[in-house]
Structures are given as C-alpha cells and as structure tokens.
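Please look over the sequence and the model below before reading on.

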Amino acid sequence: MQAPRYTATRVIRLAAQQRSRVQVRRFAKFATPIKSRPLRLSGPSIAFVLAGASVLAAGVSFCSSLRADDGSLSHRDRDLRDPTLPRFRLSDIRKHHGKSGSPWVTRGDKVYNITDWVAAHPGGEVILEAAGGSIDPYWDIFTIHKTAHIYEILEQYRIGFVHSDDLVDGKPVVQEIEDPFQHDPLRSSRLRTITAKPCNAETSTDDLSNNSITPNELFYVRNHMWVPKIEEQKFTLEVELLDGTTTQYTMQDLRDKFKPIKVSATLQCAGNRRNDMTMHAQQTNGLQWKVGAISTAVWEGVRLSDVLIDAGFPVQQAMQGHTEANHIQFSGSEAYGASIPIESALNPYGDVMLAHTMNGEPLPRDHGFPLRAIVPGHVAARSVKWLKRITVSDEESHAQWQRRDYKSFGPNETHPDWDKASSIQEMPITSAITNAKVEDQKMLLEGYAYSGGGRKIVRVDVSTDNGDTWDQAALLDDEMLSLGRKSWTWTRWRYKSTFNVARLDKQDTACSMVVVKATDEAYNSQPESHKSIYNARGNLANAWHRLKVCSDCNG
Ligand SMILES: Nc1nc2c(c(=O)[nH]1)N[C@H]1C(S)=C(S)[C@@H](COP(=O)(O)O)O[C@H]1N2
Ligand SMILES: [Mo]
C-alpha cells in the first residue's frame, strides 16, 4: 500500500491546523503509518522551524555565540566524533516521528531528542511534524531562523550522532526539497526589504510621506511563509460553526450573495518601530522594522457578520450575549492562523470584513489573493491573508501567532508565561516622523499618527528641543481615509517651525532632537520612553518618536 506522499506545503498546512477536537480528528486521518512512510524526507515540517524557532526564541537572550563543532566525519570508516555519545541509524531515527511519544530530529550528523522540549511547551506541538527526520533543508530556506540562539537551545537536547554508515561526506543524504518561495511575486524595489524569504519588506519613509492611501505595490509586506498559489476559480472559503456544521463559499458566492462594503483601514504590524526600541532600550528579538510596517488602503468585500448569518450562526442572539462562541478563528491557506474575540467580529460598528479588493484592484498575491480578513483597528496579525477557513469557537486559535507571539510583557519578564498574557488585539496609539528637513531656515516635519479601536487622532504634539517645549502639528484631512463606521486609518500630519533653525546653531549645537507624540479621542497618549515598555519581542514599540535633525543636513 502506498502512503500518501506529503509535499512540504501539505504537511505544514496540516501541522498548523488548529487543534480543536474536530480538527485533531481530521488531522489523524492523514497520519502516515510508520512502516509505509516514504523514504524521501518529506515529513519534516517548515512549521517546525517557524513555530519551534519562535517558541524557542521566547525569553531567550539574543546574541549568544555558536557552540564549537565536535568535528565532523570526513571518511565513513573513521568515526572521530565524540565516542561517548551513541550512534543512531536513520531507520531508527525515523521511528521517532511525531506520534511516537519520543520525537527526535536531526541537524547535520547530530541527533536530538526533543520530547522534553515539546512537553515543556504546550502549543508548540507543530514541532512534532518535524520529528523523525532532518530540519536542515528547511533551515537552509528559512535563513531567518538560522540564528545562534536557536542552535544553542537545540544543543541541549542532543543525544548522539547519526551512524557513520548512513553518512556521505559526513552528512546524512538529505533529500532536495522544493523551494516553496519560488513562486513568490516580484516586489517593488522601493520597499525596504528586511528578509527576502519569507518576504518582509517595509514601506519607505518617502512613500509614507507622499501617500495617504498607500499604492498596492508600496504597501508593506509581512509574510511568515511563502505566498500560496491560489486559483480564484478553484478557491472556496469554509465556515464552520460551533456544532461542526460547515458551509462553503466560492468567490462568486461572496460577490453575489452579500452586500458589498468599502472601508479605508490602516494595517500596522505589532513589530512596527521595533528597531526604535532596540536603539533606545536594548536588543529586541524579531524583524527590525523601522517606521514602515504600516500602510493604508481602501478595502472592498463583504461583512464577516453577514457571512456568519448566512452560514447559520445566530448573530442577533450572540450580540445579546447568548452564545457559547467566544472567538472567530481565521486560517490562511499556507499555515498561518489567528483569531479575534466574538465582540470584535460582530460589532456592527467594527467593519470586520472579508476583502477581495484593495485600492480598486483584486488583492495582490502578497496581500492575500483572493480573500483576506480585514479587522480594522486591530493588530494586522489578525487580518489573515489567503483566508481559507473561518471557525466559530469557544476558544482562541491554537496557532502560535495567537498563543506564542503577538503578546507583550514587562521589561523584566524574560521567561514570560505566554498562557497568562492576553493576545494583542486593538492597537495602542503611536506616531512617527517620516520626513524631516530644513527649508528656508524653517524645520519641516511630516509623519503619521494612528490609534487602534477606531479611535480618532485628536492631536499631534511636536517638540524640537527634546521635549522641553511643545507645539502642535497640522492634521491633514483626506476623505478617502474616512470610509467606514469609525476612524480606522492613520492621520497624517505636517509641522513647520515658527522659528529659524539658525537658532539651533546659536545654542551651540547644529542639531536638535525632534520629538513627536499623538493623542487619540480617548485621550490616550504615547509612553515617553522605550525603556519603560521594553519587551524582549519588541512588540508595540509606541514610545515618543525621536529624531535628530541637523541644520546642515537634510533628513
Ligand atoms: N495567511 C497569513 N496572513 C497574515 C500573515 C501571514 O504571514 N500569513 N501575516 C500577518 C501579519 S503579522 C501582518 S503584519 C499582516 C501583514 O499584511 P500585509 O502583508 O498585507 O501588509 O498580515 C497578517 N496576515
Ligand atoms: Mo505583523
């Protein structure tokens, strides 16, 4: 009997499925019995690297150095490696697969027993899909995870070496795996690329300054994995209710059955301005975004609540609090998942939507073609792209992006209790300077301010002397930014100094520290320092934005 051959993407999709009971059962259906497991290394999962790596990374200090190597085998007959550690055959290692109860992985010629790691990290179970094989080919692709601290953690679980009879030139023969990024779209060279695979690229300060609605090709891209290839004709969205009943919708169904809506909304990554926190507090663990992990578009699609009603969910009743449902879970087509609280999902003023159109165009592939969730006013991590499935549930999504990331902790909490912390949902207030120059001896500043929850920006305060004295920036109006039932977008602002910058020189300094902070309609304002809100993951870095501006330098 031939076992189903897993492609990398299939395994990952399975691995990342949320673990509600129904889904666990569905998952079990795909489990390959060990004997018929195909020999090619198709089982290990990229999700291991992604999930494992970031879980492992949690609370671990950053720049640790790589361990010295134990020396590798140069000839299969002469095994010079540490003789005190046992050797294992690949055929035996394969028995330590995800369902074996004692999962192992290999890296190079080394063998690791990750059983204890898994036991200590509830929610990190996706790691099990890597078990029984090598993680190397995936780490080669996901260079982003090839960091010293992750190697070092893995080292703690080493139990021995791959047997020399299974090594060629000192390494187990690792099957070539298809580069899942090979079909990613081309991106504008105007984006500031942080990592190419997966694509993480921010909008440039010029493009932030010049556009109130960000053109699609300049909209920041934040992908945890590859961009899935989806044919609109073959695409269906599945909606599952609490009792397990499901309804399918094609894109045509969504267009034909539901009233279209148009909402302008800003998306901002929880990691926006993380680099600022690194610079002003200490090293943070994550993509070092500057001020451009934020962009704004006009989204068109249908209301989530309309679709839920059609699928049979008693929305009216739920809005009166009569429901067991607490969360709406979203699953992406690659592996990503997240959820939002039921009250966000059903709020008639919340404008939560399933979007197929971005600035008048079909969603670009990078931004979720053919369908994504847009959850205005919430951290962009909840606006799941390539949306495949909506699950009404009594609990939050089990995806690691819900449970093991996108949370924030106190400055001292290096080993945080992830289960206790709340997921980031509505965003706090922030602001940034995107352009600073001196023109005719006046200082000219431009930037944005944004607050979550639909809270309008009511004021932007600017200081050109590091916070000693303050003035107000002009808030720019733009009717394209007001589509929707609340204030879902950034407010762009501009400031021109009333004094001549020559004054700066007279003070015996050619430069001044410019500071901006914003206030929203709930009179929330930003914290003064990044130190006070430091967290190892560098999430929600929303302290006053400071920028040194010099009279002899433009920008
Ligand atoms: N399916 C899927 N949805 C996703 C992500 C992802 O990697 N996969 N990234 C999330 C995060 S963290 C952010 S910040 C936004 C980024 O959206 P954008 O790439 O359209 O700017 O998408 C969110 N939705
Ligand atoms: Mo994000």
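In this predicted model, strand S2, residues 104–107, pairs with S4 in the parallel sense, over two bridges. Within that pairing, Val105 stands opposite Gly133 of S4. S2 is also joined to strand S3, residues 110–113, by four bridges, and here the two strands run antiparallel. Trp104 stands opposite Asn113 in S3.

Put together, five strands make an open sheet with mixed pairing, in the order S1-S5-S3-S2-S4. Its edges are strand S1 (87–88) and strand S4 (133–134), each of which pairs on one side only. In a regular strand, side chains alternate between the two faces of the sheet.

The next topic is empty space inside the protein. Rolling a probe the size of a water molecule over the atoms shows where such space is left. How many cavities of 30 Å³ or more are there? The count comes to six. The largest cavity has a volume of about 240 Å³. Its lining consists of 18 residues, and those nearest the centre of the cavity are Arg222, Arg372, Ala380, Ser383 and Lys385. By residue type, the lining of the largest cavity divides into ten nonpolar, four polar and four charged residues. The cavity search considers the protein atoms alone.

The last topic is the ligand. Around ligand 1 there are 19 residues, of which Tyr220, Glu334, His367, Arg372 and Lys385 come nearest. Arg372 and Lys385 are also among the residues nearest the centre of the largest cavity.

Which atoms of ligand 1 do the histidine side chains approach? His367 places a polar side-chain atom 2.6 Å from an oxygen atom of the ligand, and a polar side-chain atom of His224 lies 2.8 Å from an oxygen atom of the ligand. Ser383 takes part through its backbone: one of its polar backbone atoms is 3.1 Å from a nitrogen atom of ligand 1. Taken alone, ligand 1 exposes 530 Å², and the protein buries 100% of that.

Conventions:
Residues numbered from 1 in each chain as written. Chains lettered and ligands numbered in written order. Predicted model: local features only at pLDDT ≥ 70, side-chain atom pairs only at ≥ 80, totals over all residues. Heavy atoms only, no water. Pairing = 2+ DSSP bridges. 1 Å grid on protein atoms, 1.4 Å probe; cavity = no way out; pocket = protein on both sides within 12 Å on 5 of 7 lines; lining within 4 Å. Points joined across faces, edges and corners; volume = space filled by probe spheres on them. Nonpolar A, V, L, I, M, F, W, Y, C, P; charged D, E, K, R; others polar. Near = heavy atom within 4 Å. Polar contact = N/O pair within 3.5 Å; in protein donor to acceptor, adjacent residues only side chain to side chain. Areas by Shrake-Rupley, 256 points an atom, 1.4 Å probe, with all protein chains shown as cover.
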